[in-house]
Amino acid sequence: MKKAVDRIGDDDLSLEVRMPKINLFFRKLDRISNRISFSITLLAFSIIMVGLIIGSSFGDQNSFLVQLPVIEISFVVSFFMFLLILYSILKSGRF
């Protein structure tokens, strides 16, 4: 006991911690986060599609906002974002 206390006092004692399955944990965590981000992206894309369907059935057709292609532009941008996140998840191979 005295030797241990002397080594602690002299800063000669080292501690090594091994976690052999930590890589497996990080791999599973990465797969879970990829699935969640894919689900959220798919949900956002679905909400935009529903908004386009409902928005096309309502409203005055002579309105100034109807003449602007904002909805179409936002649809194209969101579609490309959806494809980009899908491509990055599938390319990583962790899905």
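This is a predicted model: local features need pLDDT of at least 70, side-chain atom pairs count only at pLDDT 80 or more; totals for chains, interfaces and linings use all residues.
The protein has four helices and zero strands. Following the sequence, the pattern reads α-α-α-α.

Next, the surface in general. The protein has 95 residues, and 7% of them are buried.

Now to helix 2, which covers residues 22-57.

The nonpolar patch is one. Which residues make the nonpolar surface patch? They are Val50, Ile53, Ile54 and Phe58, and together they give about 420 Å². Take Ile54 as an example. Ile54 sits in helix 2. Its relative accessible area is 43%, so Ile54 counts as partly exposed. The cut-offs behind that label are under 20% for buried and over 50% for exposed, with partly exposed in between.

The other patch is positive, and its members are Lys21, Lys28, Arg31 and Arg35. Arg31 also belongs to helix 2. Is Arg31 buried, exposed or partly exposed? Arg31 is partly exposed, because its relative accessibility is 36%.

Last, the aromatic rings. How many aromatic pairs does a search of the whole structure find? The search finds two. One that I can describe is Phe25 with Phe26, where the ring centres are 5.7 Å apart and the planes stand at 55 degrees, so the pair is tilted. For reference, planes under 30 degrees apart would be stacked and planes over 60 would be edge-to-face. As for accessibility, Phe25 has a relative accessible area of 47%, so Phe25 is partly exposed. Phe26 is partly exposed as well, with a relative accessible area of 46%.

To recap: four helices, zero strands, a nonpolar patch that includes Ile54, and a positive patch that includes Arg31. That is the end of my part.

Key
Residues are numbered from 1 along each chain as its sequence is written. Side-chain values use heavy atoms; hydrogens and water are left out. Patches are made of residues with over 30% relative accessible area and no salt bridge: like charges are joined within 9 Å, nonpolar side chains (Val, Leu, Ile, Met, Phe, Trp, Tyr) within 5 Å. Accessible areas come from the Shrake-Rupley method with a 1.4 Å probe; for residues, only the protein chains shown count as cover. A salt bridge is a side-chain nitrogen of Lys or Arg within 4 Å of a carboxyl oxygen of Asp or Glu. Helices (H or I, at least four residues) and strands (E, at least two) are DSSP runs, numbered from the N terminus. Buried means under 20% relative accessible area, exposed over 50%, partly exposed in between (1.4 Å probe, protein chains only). Lys and Arg count as positive and Asp and Glu as negative; His and the chain ends are not counted. The place of a charge is taken as NZ of Lys, CZ of Arg, CG of Asp or CD of Glu. Rings of Phe, Tyr and Trp (its six-membered ring) pair if their centres lie within 6.5 Å; planes under 30 degrees apart count as stacked, over 60 as edge-to-face and the rest as tilted.
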